[in-house]
Amino acid sequence: MGQKTLHGFAATALAVLPFVKAQQPGNFTPEVHPQLPTWKCTTAGGCVQQDTSVVLDWNYRWIHNADGTASCTTSSGVDHTLCPDEATCAKNCFVEGVNYTSSGVTTSGSSLTMRQYFKGSNGQTNSVSPRLYLLGSDGNYVMLKLLGQELSFDVDLSTLPCGENGALYLSEMDATGGRNQYNTGGANYGSGYCDAQCPVQTWMNGTLNTNGQGYCCNEMDILEANSRANAMTPHPCANGSCDKSGCGLNPYAEGYKSYYGPGLTVDTSKPFTIITRFITDDGTTSGTLNQIQRIYVQNGKTVASAASGGDIITASGCTSAQAFGGLANMGAALGRGMVLTFSIWNDAGGYMNWLDSGNNGPCSSTEGNPSNILANYPDTHVVFSNIRWGDIGSTVQVSGGGNGGSTTTTSTTTLRTSTTTTTTAPTATATHWGQCGGIGWTGPTVCESPYACKELNPWYYQCL
């Protein structure tokens, strides 16, 4: 369902920013993206490491006036003096980099850890609830084209209690984050979020949302989970509206109440691997999506499926999506490319009951109260690692074809990495408004004609 709670951050002005003509990245806090290597795989060539990182959502950042004395957003919304319209707001306001550690985000090798709470040096604990996107070395989001492909990752949900949601999902966002003359930071600063819940946000594609418009787009929830329950849900969209509820697959809701949880068949007290396959009617990457298949691997073995026929969402069974083009529409979005999104959040309004309580899980209707989580599980966090995507059967080696059937196999989970790593080609160029330099920048440094690379501050050079 995506993450609904957003946070604003304030900071103390340390210097005077240069005044520029459009909404540029500021220079109080450098934006240094945590590196998170991922792998793109083929059956013929194995898995090739990608030069990728993660970027925190735009809505979690300090956006302020030129000298840093005022925030462009307040507790009640946008400051209409600074932001009476899109163009003036872009001229007056600057977006800052973030401290990822205090935002609840750390990486180590191919592992990403996201924390619900962060305790500052003043001893105060804040709910930081980060949301991140996978970023390429070119400063744009990585567009995963998964139609007829699979996505695999390892996950540790052991510290997530009832009411928490560690999510990994896909949203059909713009690859640049909507980068334009008013939003020059774009994906480098986490702009452009949308999902099937059609969120109404202060900023749309990094520019002022003047008419309070909801921003809808196709969403594929690969995993929304804690240690007690999990769901996989496609949310296709058509004609400006979306299947907000979706046709999810939740083992507990399907009647398999002893399948997923601490010490159960999928033992959530330990890490495990999730493989999700997007299978087309003709087995190609250009066919029609007619099946989404889930496979679990743990302790070197393919885990028996909850259902005898496999853990599968079918086109015919996904009835709620029919009014929105069904799985075929979801597949079309997967074919065009979607942005990999990570989040951790809890829900002060509904306590995440839709995920893990009543018919959907073993939790009581009040266990998910965030105050209960903070009091009893202040270190709650989720770890995603070894993210890889590509041809079906290429990302994780499982015996018996890894079909997720009812028989447990003795397979070995192996990440096959070639000695080749992807890098930006020497002739790569940055597009208009794109980043082309700055401290720590590893992407292209030459701009496409007729634009030139100009320094805006030591951390950010741009094609103008």
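User: Is the disulfide of Cys-198 and Cys-216 left-handed or right-handed?
Analyst: This is a predicted model, in which local features need pLDDT of at least 70, side-chain atom pairs count only at pLDDT 80 or more, and totals for chains, interfaces and linings use all residues. Residues are numbered from 1 along each chain as its sequence is written, and side-chain values use heavy atoms, without hydrogens and water. The sulfur atoms of Cys-198 and Cys-216 lie 2.0 Å apart, inside the cut-off for a disulfide (a pair of cysteine sulfur atoms within 2.5 Å). The torsion about their S-S bond is about 115 degrees, so the disulfide is right-handed.

User: How many residues apart are Cys-198 and Cys-216?
Analyst: A disulfide joins Cys-198 to Cys-216. This pair links distant parts of the chain, with Cys-198 in the loop between β15 and β16 and Cys-216 in the loop between β17 (207-208) and β18 (219-225). Helices (H or I, at least four residues) and strands (E, at least two) are DSSP runs numbered from the N terminus. The separation of Cys-198 and Cys-216 is 18 residues.

User: What is the phi of Cys-198?
Analyst: Cys-198 sits between β15 (164-171) and β16 (203-204), in the loop. Its relative accessibility is 14%, so Cys-198 counts as buried, a class that means under 20% relative accessible area, against over 50% for exposed and partly exposed in between (1.4 Å probe, protein chains only). Cys-198 is not a glycine, yet its phi is positive, at about 55 degrees.

User: Which accessibility class does Cys-216 belong to?
Analyst: Cys-216 is the disulfide partner of Cys-198. The relative accessibility of Cys-216 is 24%, so it counts as partly exposed.

User: Where is Asn-239 found?
Analyst: Asn-239 has a positive phi, near 55 degrees, and is a residue other than glycine. Its relative accessible area is 85%, which means that Asn-239 is exposed. Asn-239 is placed in the loop between β20 (237-238) and β21 (241-242).

User: How many residues apart are Cys-72 and Cys-93?
Analyst: Cys-72 and Cys-93 are both buried. They form one of the eight disulfides of the structure, with an S to S distance of 2.1 Å. Their link is left-handed, with -110 degrees about the S-S bond. It joins distant parts of the chain, from Cys-72 in the loop between β4 (63-64) and β5 (73-74) to Cys-93 in the loop between α1 (86-92) and β7 (94-95), a separation of 21 residues.

User: What is the relative accessibility of Cys-318?
Analyst: Cys-318 forms a disulfide with Cys-247, the sulfur atoms being 1.6 Å apart, and the torsion about the S-S bond is about -60 degrees, so this disulfide is left-handed. The two cysteines are 71 residues apart, Cys-247 in the loop between β21 and β22 (260-261) and Cys-318 in the loop between β27 (311-314) and α2 (326-336). Cys-247 counts as buried at 12% relative accessibility. Cys-318 counts as buried too, and its relative accessibility is 1%.

User: What is the volume of the second largest cavity?
Analyst: The structure holds two cavities of 30 Å³ or more. A cavity is a set of points on a 1 Å grid over the protein atoms alone where a 1.4 Å probe fits but cannot get out; points are joined across faces, edges and corners, and a volume is the space filled by probe spheres set on them. For the second largest cavity, the volume is about 40 Å³.

User: How many residues in the lining of the second largest cavity are charged?
Analyst: Lining residues have an atom within 4 Å of a point, and here they include Asp-57, Trp-58, Tyr-193 and Trp-203. Ala, Val, Leu, Ile, Met, Phe, Trp, Tyr, Cys and Pro count as nonpolar, Asp, Glu, Lys and Arg as charged, and the others, Gly among them, as polar. The lining divides into three nonpolar, seven polar and, as charged, one.

Terms used:
1 Å grid on protein atoms, 1.4 Å probe; cavity = no way out; pocket = protein on both sides within 12 Å on 5 of 7 lines; lining within 4 Å.
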